[in-house]
Amino acid sequence: PDFAPGSVPQKPSQGALTGALGAVLPGARACLGPDDPVSRATVVFSSNGSVQSVAVSGGAAGKPSEGCIKSALGKAKLQPFAESTYTTTVTVRH
């Protein structure tokens, strides 16, 4: 989408990312059991603020919990920003 110059930030702020991911992280953590190893998720946001993709690595990769983590983190939402995408990583542990 095209935004008027200066009407949206170039990229999301750290506070916005922390808030958006913090809101959905409990759901992602619930996908893991107490003995499951730590996993990492790479979350790519589109400029409209929605999650474009989630890639999981570490303990949950290739296991049923991977889909659960992707679904939970996929619900994160940011305010629109100017760059076409923004990628961040998050650690998921029980």
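The protein is built from two helices and three strands, where helices (H or I, at least four residues) and strands (E, at least two) are DSSP runs numbered from the N terminus. Along the sequence these elements follow the pattern α-β-β-α-β. The model is a predicted one, in which local features need pLDDT of at least 70 and side-chain atom pairs count only at pLDDT 80 or more, whereas totals for chains, interfaces and linings use all residues. Residues are numbered from 1 along each chain as its sequence is written, and side-chain values use heavy atoms, with hydrogens and water left out.

Taken along the principal axes, the C-alpha atoms fill a box of roughly 50 × 20 × 15 Å. The accessible surface comes to about 5100 Å², and 53% of it belongs to carbon and sulfur atoms; these areas come from the Shrake-Rupley method with a 1.4 Å probe, and for residues only the protein chains shown count as cover. Of the 94 residues, 37% count as buried. Here buried means under 20% relative accessible area, exposed means over 50%, and partly exposed is in between (1.4 Å probe, protein chains only). Among contacts (heavy atoms within 4.5 Å) with a separation of 6 or more, residues 24 or more positions apart account for 72%.

Turning to charge, the mean positions of the 8 positive and 5 negative charges are 4 Å apart. In this count Lys and Arg are positive and Asp and Glu negative, while His and the chain ends are not counted; the place of a charge is NZ of Lys, CZ of Arg, CG of Asp or CD of Glu. A search of the whole structure finds one salt bridge, defined as a side-chain nitrogen of Lys or Arg within 4 Å of a carboxyl oxygen of Asp or Glu. The partners are Lys70 and Glu66, with their closest N and O atoms 3.5 Å apart. Both belong to helix H2 (residues 64-73), and because they are four residues apart there, about one helical turn separates them. Lys70 is partly exposed, at a relative accessible area of 33%, whereas Glu66 is buried, at 18%.

The nonpolar interior comes next. In soluble globular proteins, nonpolar side chains tend to be buried together. A nonpolar core is taken as a set of buried Ala, Val, Leu, Ile, Met, Phe, Trp, Tyr and Cys residues joined through side-chain atoms within 4.5 Å. The largest such core has 24 residues, and those with the most contacts inside it are Val43, Phe45, Ile69, Leu73 and Val92. At least two residues of this core are supplied by each of H1, strand E1 (39-46), strand E2 (51-58), H2 and strand E3 (85-92). The largest share, six residues, comes from H1. With neighbours within four places in sequence set aside, Val43 is in contact with Leu21, Val51, Ser53, Val54, Leu73, Tyr86, Thr87, Thr88 and Val90.

Thr88 has its place in strand E3 and is buried, with a relative accessible area of 15%. Apart from residues up to four places away in sequence, Thr88 touches Leu17, Leu21, Ala41, Thr42, Val43 and Phe45. Tyr86 also lies in strand E3 and counts as buried at 18% relative accessibility. Beyond four places in sequence, the contacts of Tyr86 are with Lys11, Pro12, Leu17, Val43, Val44, Phe45 and Phe81. Tyr86 and Gly62 are 24 residues apart in sequence, and their C-alpha atoms are 25 Å apart in space.

Ala16 is partly exposed, with a relative accessible area of 34%, and its C-alpha atom is separated by 6.7 Å from that of Leu78, 62 residues apart along the chain. Ala28, also found in helix H1, counts as buried at 0% relative accessibility. Beyond its neighbours within four places in sequence, Ala28 is in contact with Ile69, Ala72, Leu73 and Val92. Ala28 and Arg93 are 65 residues apart in sequence and 8.5 Å apart in space, C-alpha to C-alpha.

Finally, Glu83 lies in the loop between H2 and E3 and is partly exposed at 28% relative accessibility. Glu83 is in contact with Gln10, Lys11 and Ser47, leaving aside neighbours within four places in sequence.
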